[in-house]
Amino acid sequence: MKFTLLTHFKEFGKRSNTGRLVVDVLGGAAEQVRWDRARPPAGLLEEIEAGGVALIYPGTADEAGGDLTGIRHVILIDGTWHEARKIHQRSPYLQKVRRVCLTPAEKSVYNLRKNQKESGLCTAECVIEILRSTGNAEDAERLQERFLEFIRPLDTVG
């Protein structure tokens, strides 16, 4: 499975961005692409037209639950909740993509930003959930380990 993290430009410089962890752990199976309203990635547009692509998006899903059957490519909007909503609204090509809503097994442990949604997950946690649900436990575990190291408070590192 391929992951595209459609990333808001403000996220690239933030220490709290977990998208880069996904790319570091999954290598070529993941890409972090800067979102550009006027110039969407041509390759992504082609893949959307070909089918087998899902957008992970909170709220009402087009399909029941997190069913990723037949999905080869997953798009995640990588940014704050406010930024993600704007990206989705301002990207007509994303309106064509099947939306899938995850039902996480556990609450988020992400602690690097304030005002997080109660039922929301950060980008890395979403990818971990997807990897687990599609039977890729090994990559899920590797990403989970890196994620937990990433969010550990600096005073406990030693």
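This is a predicted model: local features need pLDDT of at least 70, side-chain atom pairs count only at pLDDT 80 or more; totals for chains, interfaces and linings use all residues.
**Exercise 1. Asp24 and its partner**

Is Asp24 buried, exposed or partly exposed, and which side chain does Asp24 meet in a salt bridge?

*Solution.* Start with the surface. Asp24 has a relative accessible area of 49%, so Asp24 is partly exposed (buried means under 20% relative accessible area, exposed over 50%, partly exposed in between, with a 1.4 Å probe and protein chains only). Residues are numbered from 1 along each chain as its sequence is written, and side-chain values use heavy atoms, with hydrogens and water left out.

Next, the partner. The side chain of Asp24 meets that of Arg146 in a salt bridge, 3.5 Å from N to O (a side-chain nitrogen of Lys or Arg within 4 Å of a carboxyl oxygen of Asp or Glu). This pair links distant parts of the chain, since Asp24 sits in helix α1, Arg146 in helix α6 (residues 137–151), and 122 residues separate them. Helices here are DSSP runs of H or I with at least four residues, strands are runs of E with at least two, and both are numbered from the N terminus. Arg146, at 32% relative accessibility, counts as partly exposed.

**Exercise 2. Other charged pairs**

How many salt bridges does the structure hold, and which residues do shared partners join into one network?

*Solution.* First the idea: side chains of opposite charge can pair when their charged atoms come close. The structure holds seven salt bridges. One of them brings together the side chains of Glu47 and Lys2 at 3.1 Å, N to O. Glu47 belongs to helix α2 (residues 42–50) and Lys2 to strand β1 (residues 2–7), 45 residues apart. Glu47 is partly exposed at 28%, and Lys2 is partly exposed at 26%.

Now take Glu49, whose salt bridge with Lys96 has its closest N and O atoms 3.7 Å apart. Glu49 lies in helix α2 and Lys96 in the loop between α4 (92–95) and β5 (98–100), so this pair ties together parts that are 47 residues apart in sequence. Both Glu49 and Lys96 are exposed. As for the network, salt bridges that share partners join Lys2, Glu31 and Glu47.

**Exercise 3. How α1 meets α5**

At what angle do α1 and α5 pack, and which residues make the contact?

*Solution.* Two packed helices are described by the angle between their axes and the distance between the axes. Helix α1 (residues 19–26) and α5 pack at about 40°, their axes 7 Å apart. Here axes are lines fitted to C-alpha atoms, for helices over the stretch in contact, and angles run from 0 to 180 degrees between N-to-C directions. That makes α1 oblique to α5, given that angles under 35 degrees count as roughly parallel, over 145 as roughly antiparallel, 65 to 115 as roughly perpendicular and the rest as oblique.

Then name the residues: α1 supplies Gly19, Val22 and Leu26, and α5 supplies Thr123, Ala124, Val127 and Leu131 (contact means heavy atoms within 4.5 Å). Sorted by class, there are five nonpolar, two polar and no charged residues. In that sorting, Ala, Val, Leu, Ile, Met, Phe, Trp, Tyr, Cys and Pro count as nonpolar, Asp, Glu, Lys and Arg as charged, and the others, Gly among them, as polar.

**Exercise 4. Inside α5**

Why is α5 said to be largely enclosed, and with which side chain does Thr123 make a polar contact?

*Solution.* Count first: nine of the 11 residues of α5 are buried, so this helix is largely enclosed by the rest of the structure. The cover over these buried residues includes β1, α1, β3 (53–56), β4 (73–78) and α6.

Then zoom in on Thr123, which lies in helix α5 (residues 123–133) and counts as buried at 10% relative accessibility. Beyond four places in sequence, Thr123 touches Leu5, Thr18, Gly19, Val22, Leu76, Ile77 and Asp78. With Asp78, the side chains make a polar contact at 2.8 Å. That term covers a pair of N or O atoms within 3.5 Å; within protein, one must be able to donate a hydrogen and the other to accept it, and residues adjacent in sequence count only if both atoms are side-chain atoms.
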